[in-house]
Amino acid sequence: MQKLQVLNEHKKYLAHVLYEDALRMNKAELQNVLFFDEETTDSWTLEQCQIQFVKDQISFFEDDNLNVQVNEIWRLIYG
């Protein structure tokens with residue numbers, strides 16, 4: 001159970017970092033990276049786009065789409 005708690009804490013920190021990134025983006029920039037087409041997101045508020053950005057990115061990471069890049073950066077930083 002402890003490992004799950006640690007993972008959830010890390011996920012919260014990741015969500016925070018991603019949301020801070022989303023706050024620096026305008027709606028058009030977010031629409032370019034959301035996993036929905038622009039027609040769907042046109043009626044969304046900026047805040048809805050920001051929240052969806054965080055959800056999309058975490059989902060992308062959880063699906064192991066960046067394993068190689070993440071491992072390379074980890075080795076670069078921590079040897």
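So, R24 and D21: their side chains meet in a salt bridge, 2.8 Å from N to O. By salt bridge I mean a side-chain nitrogen of Lys or Arg within 4 Å of a carboxyl oxygen of Asp or Glu. R24 is exposed at 59% relative accessible area, while D21 is partly exposed at 31%. For those words, buried is under 20% relative accessible area, exposed is over 50%, and partly exposed is in between, with a 1.4 Å probe and protein chains only.

Quick word on what we're looking at. This is a predicted model, where local features need pLDDT of at least 70 and side-chain atom pairs count only at pLDDT 80 or more, while totals for chains, interfaces and linings use all residues. Residues are numbered from 1 along each chain as its sequence is written, and side-chain values use heavy atoms, with hydrogens and water left out.

Okay, how many salt bridges turn up in the whole structure? Three. Another one joins K12 to E9, with the closest N and O atoms 3.4 Å apart. Both sit in helix α1, three residues apart, about one turn of the helix. Helices here are DSSP runs (H or I, at least four residues), and strands are too (E, at least two), numbered from the N terminus.

Then there's K11 with E62, at 2.7 Å between the closest N and O atoms. K11 is in helix α1 and E62 in helix α4, so this pair ties together parts 51 residues apart in sequence.

Now let's go inside. The largest nonpolar core has nine residues: L18, A22, L30, L34, W44, C49, F53, V54 and I58. A nonpolar core means buried Ala, Val, Leu, Ile, Met, Phe, Trp, Tyr and Cys residues joined through side-chain atoms within 4.5 Å. Helix α4 gives the most to this core, with four residues.

Take C49, from that core. Setting aside neighbours within four places in sequence, C49 is in contact (heavy atoms within 4.5 Å) with K27, L30, L34, T41 and W44. Not counting residues up to four places away in sequence, Q50 touches Y19, A22, L23, M25 and L30.

One more residue, T45, which lies in the loop between α3 (38-41) and α4. T45 is partly exposed at 42%. T45 and K27 are 18 residues apart in sequence, and 8.1 Å apart from C-alpha to C-alpha.

Last stop: L76, in helix α5, residues 67-78. L76 is exposed, at 71% relative accessible area.
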